[in-house]
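Here's a quick look at one model, from its overall layout down to a pair of rings. Have the structure open as you read.

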Amino acid sequence: MGTPETSREPCPDRIIDDIGGAFGMGAVGGSAFHFLKGLYNSPQGSRFIGASQAVRLNAPRVGGSFAVWGGLFSSFDCTMVYLRQKEDPWNSIFAGAATGGFLSMRQGLTASARSAAFGGVLLALIEGAGIMLNKVLSAQQPPPMIMDEPAPGYPTGGLPGQQALPPVDSETKPWFGGGWFGENKKKDETVSSGGSETKVLESFDAPPVPNFEYK
């Protein structure tokens, strides 16, 4: 998950994107607020008509105010990115302070400084909450499973603490090779003739045939 700075549009396109998003947010929020306010303030029998008129009169104004704030904020943010040549939360904090001070400039220097401080603190809280949310979400994600290759001499899929199995030697006889089954059993022989191999398996030695002739 990317940070709020890296997940945004690049700077030239960021201004238009923020203006449109801020206008939509202000229009939707202002419509809901003024619709409820119109229902409450309208007389009995014409509440829905009064609420609709309140939405038509006030929703565009609220959306426009949000769009102005979003456009100024994005412009100051892009200016800070150009001056500092990097993306970090300080750009948004400076942009919020500059936007608040610029919008209150007509009310005097004191009001402008107060609005700038309020905007900077507000953006600092928003950026801090975003950073904490990213850390919490990244900590909740399970780590990727890493399959280690088995070491030489270990069986496939063996555990790290499992002892290695000895290599199998074709010449080594098993423990029962010298017992009853191994004394009379001969090895397999391979006969090569005409480019093809024939495998001859000799079984146990046959007992001597008795002779019944009379002397």
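Helices here are DSSP runs of H or I with at least four residues, strands are runs of E with at least two, and both are numbered from the N terminus. This is a predicted model, so local features need pLDDT of at least 70 and side-chain atom pairs count only at pLDDT 80 or more, while totals for chains, interfaces and linings use all residues. Residues are numbered from 1 along each chain as its sequence is written, and side-chain values use heavy atoms, with hydrogens and water left out.

The protein chain has five helices and two strands, running α-α-α-α-α-β-β from the N terminus on. Of its 215 residues, 23% count as buried (under 20% relative accessible area; exposed is over 50%, partly exposed in between; 1.4 Å probe, protein chains only).

Now for the ring pair. Rings of Phe, Tyr and Trp (its six-membered ring) pair if their centres lie within 6.5 Å, with planes under 30 degrees apart counted as stacked, over 60 as edge-to-face and the rest as tilted. By this rule there are four aromatic pairs. In one of them, the rings of W69 and F73 have centres 5.3 Å apart and planes at 5 degrees, so the pair is stacked. Both residues sit in helix 2, four residues apart, which is about one turn of the helix. Here's how W69 and F73 compare on accessibility:

| Residue | Relative accessible area | Class |
|---|---|---|
| W69 | 33% | W69 is partly exposed |
| F73 | 9% | F73 is buried |
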